[in-house]
Amino acid sequence: MKRFLLLLSLFIFPVSFALAEYQRATQGMVSSRSDIASEVGKEILALGGNAIDAAVATGFALSVTYPSAGNLGGGGFMVISLANGEVLTLDYREKAPATAHRDMFLDDKGDVDRELALNSHQSAGVPGSVAGLLEALDKYGSLNREQVLAPAIRLAEEGFILNQEIAGQFRGHFNSFRNYPASLAKFSANGSPLNAGALWRQPDLARTLSAISDKGRDGFYKGSVADLIVADMQANNGLISHEDLINYQPVWRAPVHGSYRGYDVWSMPAPSSGGVLLVQMLNMLEPYNIEKLGWGSTETVHLMIEAQRRAYADRAEHLGDPDYVEVPSSMLTSKDYARQRFANFDPQVAGDSAKITAGNWGEESPQTTHYSVADDEGNAVSVTTTLNRSYGNHIVVPGAGFLLNNEMDDFSSKPNSPNSYGLIGRTANEIQPGKRMLSSMSPTIITRDGKPVLLTGSPGGSTIINTVLQVVMNVIDHHMSLEDAVTSPRFHHQWMPDVVRYEIGAISDEVAAELEAMGHQGLNGSRRTIGEANSVMFENGFIDGVSDPRIVGGVAGF
Ligand code: DON
């Protein structure tokens, strides 16, 4: 199976698909989108830090080496499984500023102004990453702040050599950076595009990171960095105020917990929809013998699409920030509910999503990032972090050296009007002051008998949850190695729009024809990749790490 999938992947993605970066280790492992950031995590583990220290150091390093998604100006979610068996989640999602209001992105005609929602100072939520990473370090790390921030400061100060891919991204976004002098200054060499091979230094970012190292959260949410953020907001109709920054707090939340064929599934609760939908889908699929039906068979794909259709429909209706709306998580993740919800499943016929036209998926580019970290004491950390779209709103805070997010577009700006991932929502996810926007980010840890088995998660907007679903099922149902589980091609359905999207190889022509005959739509294939699941798995006493081969990344184990 493994060789088959590897050959398949080479055949399918001959140009952009590098071989999986895979390592087997015994003492610790970091898998992230940036080989430099993974090395930073490994250095911290080798220094005697635990997985939480390494995850925090990797997070700060990603803000330097992987600027499209690694961030100080965004937010994220962290799932931690401690050596003692306890599982925790930390929510450091951005929040709507206090002066945000429900209709802030609507134009005179009542339509969503997409530019305003995505490419403006108003598109930025109050950043959570710095507070979140420091909170995790404070509660469960073993090293001090200076130690975990030192590598990121060094990388920003001394610079690092740009690779082909990141230099290419800078070029791709060059026109957007040109709209903001501080962005142009950061991502160019005096106004000219930076080339691969160039040494890229970020002195402003180094100063901001040093302020965080010296003063902790006050180095970011108060003082000169906060002044720079607020000044930029005030000069450009932005909403984030000093009070918003001072008031920002990350939240420890009880994980979403489910079970699947004897494994425990731990994932992110609301304001992410990820954990609830993942458990809901697994519950709907558990009664079926997926192993016997086989990977990629018409029966399996049909079952999974139907589970996806139902779960994503619930997302639009029920999910939002639990501090503002009642999210019926226990109901949605119960086995009983799944049974009822799936009672109208027809093995022969595709379900019928209501006939509302929703938008297409937004263009998928590297916009969010997932990393997984494990140590040899049995601690494991699974983190997904984002600026929302690639390079957020492209606005670098002048003098502070980091990009702002455009996470406000993850709110439902208008009922049933799709956001940039084609996701629709209603009142549960409408904009309210101080509220967290609904997310799909799904950092997940699978355990068995209280011990971590698999750490996974992904970027990809709405597709994230289905990527995680497939990695988990590949391991549990199809008994794949981590390399195969991550490499195998994926498909995605999100209820609305009622189409199946898939990587080549995920659904064969024969299966596509059969699914079409059942009434499934959109089976004309796609060369787009879905997700990027940088994962870690514990197997036979080893710690395996894989950085998703769909895009260059890096694992570092020892
Ligand atoms: O929180 C969310 O669900 C989105 N802002 C994540 C964006 C994303 O994954 C984009 N990546 N390709």
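Which residues is threonine 444 in contact with, leaving aside its neighbours within four places in sequence? Point 2 gives the list. The points below go through this predicted model.

1. **Confidence.** The protein chain has a mean pLDDT of 93. In this chain, 94% of residues reach 70 or more. Helix H5 (residues 129-140) has the highest confidence, at 99. Helix H1 (residues 2-12) has the lowest, at a mean of 38. Two stretches call for care. Over residues 1-20 the pLDDT is below 50, and this stretch has 34 contacts in the model beyond near neighbours in sequence. Residues 355-363 are also below 50, with 25 such contacts. Where pLDDT is low, predicted coordinates should not be read in detail.

2. **Threonine 444.** Look for this residue in strand S14, which covers residues 444-448. Beyond its neighbours within four places in sequence, threonine 444 is in contact with Val265, Trp266, Ser267, Leu278, Ser382, Leu454, Leu455, Thr456 and Val468. With serine 267 there is a polar contact, side chain to side chain, at 2.9 Å. Is threonine 444 buried or exposed? Its relative accessibility is 0%, so threonine 444 counts as buried. The cut-off for buried is under 20%.

3. **The largest nonpolar core.** This core holds 82 residues. Four of them touch the most other members: Leu285, Leu454, Phe491 and Ile507. Leu454 is also on the contact list of threonine 444. In soluble globular proteins, nonpolar side chains tend to be buried together.

4. **Phenylalanine 491.** Not counting residues up to four places away in sequence, phenylalanine 491 touches Val301, Met304, Ile305, Gln308, Asn466, Gln470, Val500, Arg501, Tyr502, Ala506, Ile507 and Ile530.

5. **The ligand site.** How many residues surround the ligand? There are 16, and the closest are Thr368, Glu407, Asp410, Ser439 and Gly461. Now check the polar atoms. A polar side-chain atom of aspartate 410 lies 2.5 Å from a nitrogen atom of the ligand. An N or O atom in the side chain of asparagine 388 is 2.7 Å from a ligand nitrogen atom. Glycine 460 uses its backbone: an N or O atom there lies 3.0 Å from an oxygen atom of the ligand. Taken alone, the ligand exposes 340 Å². The protein buries 98% of that.

Definitions and conventions
Residues numbered from 1 in each chain as written. Predicted model: local features only at pLDDT ≥ 70, side-chain atom pairs only at ≥ 80, totals over all residues. Heavy atoms only, no water. Core = buried A, V, L, I, M, F, W, Y, C linked by side-chain atoms within 4.5 Å. Buried < 20%, exposed > 50% of the residue type's maximum accessible area, 1.4 Å probe, protein only. Contact = heavy atoms within 4.5 Å. Helix = DSSP H or I, 4+ residues; strand = E, 2+ residues; numbered from the N terminus. Polar contact = N/O pair within 3.5 Å; in protein donor to acceptor, adjacent residues only side chain to side chain. pLDDT = per-residue confidence, 0-100. Near = heavy atom within 4 Å. Areas by Shrake-Rupley, 256 points an atom, 1.4 Å probe, with all protein chains shown as cover.
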